[in-house]
Amino acid sequence: MKLLEINNIRKSFDNQLHVLRDISLSVEEGEVVSILGPSGSGKSTLLRCATMLETMDGGTLSYCGESAVIEVDGKSRYMPKSDIKRIHGYFGLVFQNFNLFPHYTVLKNIMDAPVHIQKRNKAEVREEAMSLLRQMGIEDKADSYPCQLSGGQQQRVAIARALAMNPKILFFDEPTSALDPELTSEILKVLRDLASRKMTMVIVTHEIEFAKNVSDRVIFMDEGYIVEQGKPEDVIDNPENDRVKAFLNKVMG
């Protein structure tokens with residue numbers, strides 16, 4: 001089943017800087033898709049458009065067969081707010097800088113949205129939140145505040161918070177870029193674990209080896225286009241596109 005379908009997304013800033021140029025992609029249930037490419041290639045903007053944090057100029061967007069954005073006369077048109085609110089429940093997003101509420105404990109950070117947005121039973125949500133903290137290896141930090149945690153621990157809380165909403169698909173925008181190498185390996189382990197549980201994920205990352213080992217499919221972006229995509233061993237080990245070859249040679253030495 002296709003969980004995400006994007007067709008012909010276009011996005012410019014100030015009507016001049018074309019960041020996304022006619023991008024189309026779909027993601028199947030249980031699939032892990034990594035998006036690679038140099039800085040400024042449009043990777044994060046693609047994620048922000050897919051999660052409706054940025055407004056698309058053109059193109060369509062749907063989740064689980066439900067349209068969030070349609071195209072009318074060459075321009076993107078968003079569905080009514082009630083539809084968008086429901087569709088928001090299909091996905092979660094983990095940012096590179098954690099975005100935790102500093103004045104909430106770890107447990108409250110995780111429980112807040114399921115209780116207040118999804119109106120779920122508080123005791124049930126608490127039980128699930130503690131289970132997620134166990135899964136992340138930070139159950140003992142439930143009553144701590146974000147400022148008392150390492151970057152890696154904060155990112156694990158952010159992942160648990162996203163999972164607490166029971167999304168069908170999780171987006172990660174450079175989840176390790178704010179972390180040092182040791183903490184990076186912690187988060188990559190969490191992502192590997194989620195992949196083994198068949199969590200559908202779209203991951204923007206600079207971690208080439210990780211993308212190769214965990215992804216079902218790799219997408220390489222450059223200057224607002226998808227220039228190559230396919231199985232990780234094909235795109236990373238035997239790229240056809242010269243731009244991809246040059247980038248991989250540079251970052252992998």
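Trainee: What makes the charged end of Lys108 count as sitting over the ring of Tyr104?

Mentor: Before that, a word on the source: this is a predicted model, in which local features need pLDDT of at least 70 and side-chain atom pairs count only at pLDDT 80 or more, while totals for chains, interfaces and linings use all residues. Residues are numbered from 1 along each chain as its sequence is written, and side-chain values use heavy atoms, with hydrogens and water left out. A charge sits over a ring if NZ of Lys or CZ of Arg is within 6 Å of the ring centre and within 35 degrees of the ring normal. The charged end of Lys108 is 4.4 Å from the centre of the ring of Tyr104, and it is placed over that ring.

Trainee: Why is the pair of Phe91 and Phe171 called edge-to-face?

Mentor: Rings of Phe, Tyr and Trp (its six-membered ring) pair if their centres lie within 6.5 Å, and planes under 30 degrees apart count as stacked, over 60 as edge-to-face and the rest as tilted. The centres of Phe91 and Phe171 are 6.0 Å apart and their planes stand at 80°, so the pair is edge-to-face. The two residues are 80 apart in the chain, Phe91 in strand 7 (residues 91–94) and Phe171 in strand 8 (residues 169–173); helices (H or I, at least four residues) and strands (E, at least two) are DSSP runs, numbered from the N terminus. Together with Tyr63, Phe91 and Phe171 form one aromatic cluster.

Trainee: How do you know that Phe91 and Phe171 are buried?

Mentor: Buried means under 20% relative accessible area, exposed over 50%, and partly exposed in between (1.4 Å probe, protein chains only). Phe91 has 9%, so it is buried, and Phe171, with 1%, is buried as well. Thr176, in the loop between strand 8 and helix 6 (181–196), also counts as buried, at 7%.

Trainee: What makes strand 8 largely enclosed by the rest of the structure?

Mentor: Five of its five residues are buried, so strand 8 is largely enclosed. Ile169, Phe171 and Asp173 are buried on one side, and Leu170 and Phe172 on the other, which leaves both faces covered.

Trainee: How do you know that strand 8 pairs with strand 7 and with strand 9?

Mentor: Two strands pair if DSSP finds at least two bridges between them. Strand 7 and strand 8 have four bridges and run in the parallel sense, with Val94 having Phe172 as its bridge partner. Strand 8 and strand 9 are joined by five bridges, again parallel, and Leu170 stands opposite Met201 there. These strands belong to an open sheet of six strands in the order 7-8-9-3-10-11, whose pairing is mixed.

Trainee: Which residues have the most contacts inside the largest nonpolar core, and what is such a core?

Mentor: A nonpolar core is a set of buried Ala, Val, Leu, Ile, Met, Phe, Trp, Tyr and Cys residues joined through side-chain atoms within 4.5 Å. The largest one has 40 residues, and Ile159, Phe172, Leu191, Leu194 and Met201 have the most contacts inside it. Helix 6 gives the largest share, seven residues. Contact means heavy atoms within 4.5 Å, and, leaving aside neighbours within four places in sequence, Leu191 is in contact with residues including Ile159, Phe172 and Met201.
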